[in-house]
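Open the model in your viewer and keep the sequence panel beside it. The tour below goes from one selection to the next.

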Amino acid sequence: HALMTEREEVMGLLLGEVFDGDVHIWSSMTLRRSDKRPDRCEISAEQLSMGLVMSETLSDQLGCATRVIGWYHSHPHITALPSHVDLRTQLQYQSMDENFVGLIFAVFNAGAKAGTSRHELMAFRASETSEHG
């Protein structure tokens, strides 16, 4: 999904569960962008509700507990490091669920040799101190 466009960030929800402190992700849900700024990803309450419905459906289909366990978004042409906005957003989600995880896919970054491209994935959580440096 992160490779679909290099002009704007894409985003989605992660579905899975936590076992013994480890986050297990087995599905994702692509979300439509509501913020028209190319470097912003905002998840609405309606989209979170749709994620809850999807997690309930998956729980029934798979026979195991499934919940919204995180979110992801892309960083086209920039680093995988979370921005201050990403950290603030992540901290808000963690206030509802301490196990909530964020993923950033850094894509469309040209390598040292012409014709190559580097993609990076970073998983992150936030803390009060990470937002303020």
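Does proline 76 count as buried or exposed? Select proline 76: at 12% relative accessibility, this residue counts as buried. Buried means under 20% relative accessible area, exposed means over 50%, and partly exposed lies in between (1.4 Å probe, protein chains only). Proline 76 is in strand 3.

Some notes before going on. This is a predicted model, in which local features need pLDDT of at least 70 and side-chain atom pairs count only at pLDDT 80 or more, while totals for chains, interfaces and linings use all residues. Residues are numbered from 1 along each chain as its sequence is written, and side-chain values use heavy atoms, with hydrogens and water left out.

**The whole chain**

Switch to a cartoon view. The protein chain has three helices and five strands, in the order β-β-α-β-α-β-β-α from the N terminus on. Helices (H or I, at least four residues) and strands (E, at least two) are DSSP runs, numbered from the N terminus. Of the 133 residues in the protein chain, 41% are buried.

**The cores**

Select Leu13, Leu31, Ile43 and Trp71. These are the residues with the most contacts inside the largest nonpolar core, which has 16 residues. Two or more residues of this core come from each of strand 1 (11–19), strand 2 (22–31), strand 3 (67–76) and helix 2 (84–96). A nonpolar core is a set of buried Ala, Val, Leu, Ile, Met, Phe, Trp, Tyr and Cys residues joined through side-chain atoms within 4.5 Å. Next, select Leu14, Ile69, Val101 and Leu103, which are among the six residues of a second, separate core.

Go to leucine 48 in helix 1 (residues 45–62). Leucine 48 counts as partly exposed because its relative accessibility is 23%. Leaving aside neighbours within four places in sequence, leucine 48 is in contact (heavy atoms within 4.5 Å) with Leu13, Ile43 and Tyr93. Leucine 13 is 35 residues from leucine 48 in sequence and 8.1 Å away in space, C-alpha to C-alpha.

**The rings**

Which residues do ring pairs link into a cluster? Select Trp71, Tyr93, Phe100 and Phe124 to see them. Rings of Phe, Tyr and Trp (its six-membered ring) pair if their centres lie within 6.5 Å; planes under 30 degrees apart count as stacked, over 60 as edge-to-face and the rest as tilted. The whole structure holds five aromatic pairs. In one of them, tyrosine 93 and phenylalanine 100 are tilted, at 4.9 Å centre to centre and 35° between the planes. Both tyrosine 93 and phenylalanine 100 are buried.

**The charged network**

Finish with Glu17, Arg67 and Asp97, which are linked in a network of salt bridges. A salt bridge is a side-chain nitrogen of Lys or Arg within 4 Å of a carboxyl oxygen of Asp or Glu. Between glutamate 17 and arginine 67 the N to O distance is 2.6 Å. Glutamate 17 lies in strand 1 and arginine 67 in strand 3, so this pair ties together parts that are 50 residues apart in sequence. Aspartate 97 forms a salt bridge with arginine 67, with the closest N and O atoms 2.4 Å apart. Aspartate 97 is in the loop between helix 2 and strand 4 (101–110). Glutamate 17 is buried at 14% relative accessible area, and aspartate 97 is buried at 15%, whereas arginine 67 is partly exposed at 24%.
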